Amino acid sequence: MSDLIVLPLVLPLFGAFLLPIVMRTSISIGAWIGPAILAYGCWILGDQWMSGTALPFSLAIGGFAPPMGINLYIDSLALLFAFAVQLLGLLFWPFKIDQETARRQALMLLLVAASTGLALSGDLFNLYVFYELVAVATFGLIAASGSSAAYASTIRYLILSGIGSVLTLLGIALIYSQTGTLNLAHLAQLAPEQLNNKLGLTAFLTILIGVGVKAELFPVNTWAPEVYATAASRVSAFLAGLVSKLALLIILRLLVLIFHQPEAVQVMLVLGILGVITGELAAWRAKDVRRMLAFSSIGQLGMIFIALAIPEQGGLLAVLALTFHHLLIKSGLFMLADGWGGAIEKLRGAAKRSPLAAAIFVLFSLSLIGMPPLPGFWAKFTLITQLAAQTSPLYLIGLTVFLLATVIEAAYLFRLAALLYGPAAEDTPIDTIPKPAGLSLATASLFGIGLLAAALFITPVGDLLSHVAGQAANADLYINTVFAGTGGSQ
Amino acid sequence: MMPEISLELILYTTALGLISIGLAGVVLSRHLFRMVLALVIAEAGANLMLVLAGYRWDAVAPILTTLGEHPPMVDPVPQAMVLTAIVIGVGIQALAVSILIRIRQRYGTLDRSQVAERMDAEIADTAGIPRDVSQESPLGERPLPSLPDSTVEIRGGHS
């Protein structure tokens with residue numbers, strides 16, 4: 001039953017509006033609504049994956065076939081992202097039960113619904129609407145932590161994000177004025193004739209910068225450190241781990257389907273390189289854990305942009321490997337920051353207070369740096385071989401920067417690890433050293449187990465990712481699926 | 001001879017002009033409320049651009065009154081999209097203004113750099129990073145120059 005795929009998108013949206021009303025009458029019933037919806041969403045998407053429904057398929061919404069109507073496009077990549085959204089929504093669920101968290105839970109459901117929409121939508125304007133919906137839910141969740149600094153960081157993020165949405169809308173208007181359609185598959189058909197020019201390039205660059213706000217692209221990422229420092233750890237984990245990757249997914253689809261100009265790729269490569277340099281250096285200088293993680297995630301996303309600039313399918317494999325690796329690691333690290341969020345100096349000797357947390361941190365650090373046999377090594381190795389195979393000197397600069405960034409990463413991560421395992425400061429009793437909260441530590445351990453499992457089964461995981469990359473890189477498959485498979489699915 | 005300027009050209013110029021004015025306003029304003037207003041102007045420009053993308057000068061409003069033959073119609077899709085974009089924009093602006101009210105209540109100011117400064121100070125305090133340089137006193141008056149990296153930290157907050 002492929003029609004069921006709309007439920008993970010519709011049910012959280014419905015639940016988000018239902019929840020505040022139910023919470024008013026009965027908190028104990030209301031508390032179950034969100035987790036139940038998300039668990040059901042996980043089950044539906046997992047079932048789609050397991051039951052071997054022929055992927056990719058396209059689903060016309062509202063009874064009009066594309067390009068007239070709008071459609072959802074579900075390939076392995078979209079399904080994987082949608083599943084990750086539901087699962088992380090469940091893992092980062094704000095469980096505490098009171099009236100205040102009722103609002104937070106509603107916003108979380110809204111965020112999950114909009115993120116699922118971003119993963120599945122096959123239409124440029126719907127992508128824009130879901131993107132804005134993600135933004136609104138995000139603002140609410142960041143401000144919900146209630147400190148003055150959280151409000152200040154929210155408004156700064158809101159203004160930057162507003163600039164982004166104006167630019168995105170401008171890009172969409174340019175594309176529409178040139179082609180008269182916003183369906184991605186239809187655009188892919190028309191692009192070689194109508195968008196392979198200066199106007200198409202302008203449209204891509206405006207959308208790149210616009211969407212890049214959420215993907216922490218180089219010049220428009222100033223919001224990241226302050227937002228991740230002030231928002232609740234679960235929110236930061238969801239934003240850094242998943243929402244930034246969904247913005248990347250939009251850019252990936254646009255690149256594969258519509259924009260093939262070499263200039264577009266070069267701009268992205270340069271911005272990615274600058275992102276890696278600035279992000280990693282700032283992370284090295286950061287004095288508190290949250291901002292260190294935020295800057296490091298800017299650097300990591302810069303690496304993914306470098307990988308995205310590689311025109312061949314191998315580049316896409318590197319993109320996916322880095323993306324899912326970073327998703328696991330950064331979500332887990334931000335869960336550890338729940339409790340460890342303060343100044344780095346305060347964590348002296350924290351390994352004695354919480355050995356498990358310190359061990360997980362070291363595991364994540366090793367994988368982030370790229371120590372074999374952890375998955376991070378394979379992700380980075382794929383990128384290095386792909387970069388080295390390119391002839392243009394710009395890619396070699398990218399490779400150099402990438403290797404240097406790895407050294408800097410090792411420097412600041414090992415510095416923290418050395419502090420953790422070093423002796424505690426003399427005047428601090430061991431009970432006062434900060435320690436991650438129990439639930440957060442359990443969640444972080446889950447991510448650690450996931451990472452170890454991926455390291456054990458690296459061959460099947462690699463095969464799966466190259467299969468997913470192959471499917472996502474195939475523009476003809478996308479076009480044929482959308483225009484052939486929509487008739488009977490209503 | 002004056003070159004002929006079409007209405008269409010004027011409208012496209014207006015749209016791009018509004019976007020530029022808005023973006024310049026966001027970058028140049030010192031007051032957070034003005035930044036939000038500048039954003040509103042830029043959004044109006046983007047919406048005008050979207051309407052223009054589907055407009056036809058020889059056509060009528062896209063409402064079917066008779067079956068069969070009908071005159072050429074304006075493309076209704078961009079107009080529907082602009083409606084959506086306006087609704088989203090208004091929602092976000094309302095949220096922005098309500099957050100501004102909270103910031104004004106807590107910090108007593110909406111000046112962009114003052115808010116940024118207080119936010120950075122609050123983040124540093126919450127994290128427990130020792131501040132060896134006072135945020136208020138100018139650096140030049142000290143007998144010894146303070147640590148170079150901490151001064152960069154303060155300036156970095158303004159960006």
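## Basis of the model

This is a predicted model: local features need pLDDT of at least 70, side-chain atom pairs count only at pLDDT 80 or more, and totals for chains, interfaces and linings use all residues. Residues are numbered from 1 along each chain as its sequence is written, while chains are lettered from A and ligands numbered from 1 in the order in which they are written.

## Chain A overall

Chain A has 20 helices and 2 strands. These are DSSP runs, numbered from the N terminus: H or I of at least four residues for helices, E of at least two for strands. The radius of gyration is 22 Å, close to the 23 Å that the globule rule gives for 490 residues, so chain A is as compact as a globular protein of that length. The radius is taken over C-alpha atoms, and the rule is 2.2 Å times the number of residues to the power 0.38.

Along the principal axes, the C-alpha atoms of chain A fill a box of roughly 70 × 65 × 45 Å. Buried residues make up 59% of the 490 residues. Buried means 20 or more other C-beta atoms within 10 Å of the residue's own; exposed means 12 or fewer, and partly exposed lies in between, with C-beta atoms placed from the backbone. Of the contacts in chain A with a separation of 6 or more, 79% join residues 24 or more positions apart. A contact needs C-beta atoms, placed from the backbone, within 7 Å.

## A helix pair inside chain A

Helix α12 (residues 289-308) and helix α17 (residues 393-421) of chain A have axes that come within 11 Å and cross at roughly 160°. Axes are lines fitted to C-alpha atoms, for helices over the stretch in contact, and angles run from 0 to 180 degrees between N-to-C directions. α12(A) and α17(A) are therefore roughly antiparallel. That label applies over 145 degrees; under 35 is roughly parallel, 65 to 115 roughly perpendicular, and the rest oblique.

From α12(A), the contact uses Met292(A), Ser296(A), Gly299(A), Met303(A) and Ile306(A); from α17(A), Gly398(A), Phe402(A), Ala405(A), Glu409(A) and Tyr412(A). By class, there are 6 nonpolar, 3 polar and 1 charged residues. Ala, Val, Leu, Ile, Met, Phe, Trp, Tyr, Cys and Pro count as nonpolar, Asp, Glu, Lys and Arg as charged, and the others, Gly among them, as polar.

## Where chain A touches chain B

In this interface, 34 residues of chain A are in contact with 38 residues of chain B. On the chain A side, α5 (124-143), α6 (148-179) and α9 (223-230) each give two or more residues. The largest share, 17 residues, comes from α6(A). By class, the chain A side has 19 nonpolar, 10 polar and 5 charged residues.

The axes of α6(A) and helix α2 (residues 32-53) of chain B come within 9 Å and cross at roughly 10°. The two helices are therefore roughly parallel. Their contact has 16 nonpolar, 2 polar and 1 charged residues.

## Two single residues

Ser354(A) sits in the loop between α14 (350-353) and α15 (355-369) of chain A. It counts as buried, with 20 C-beta neighbours inside 10 Å. Leaving aside neighbours within four places in sequence, Ser354(A) is in contact with Lys435(A) and Pro436(A).

Glu69(B) lies in the loop between α2 and α3 (76-107) of chain B. With 5 C-beta neighbours inside 10 Å, Glu69(B) counts as exposed.

Technical notes:
Two residues are in contact if their C-beta atoms, placed from the backbone, lie within 7 Å.
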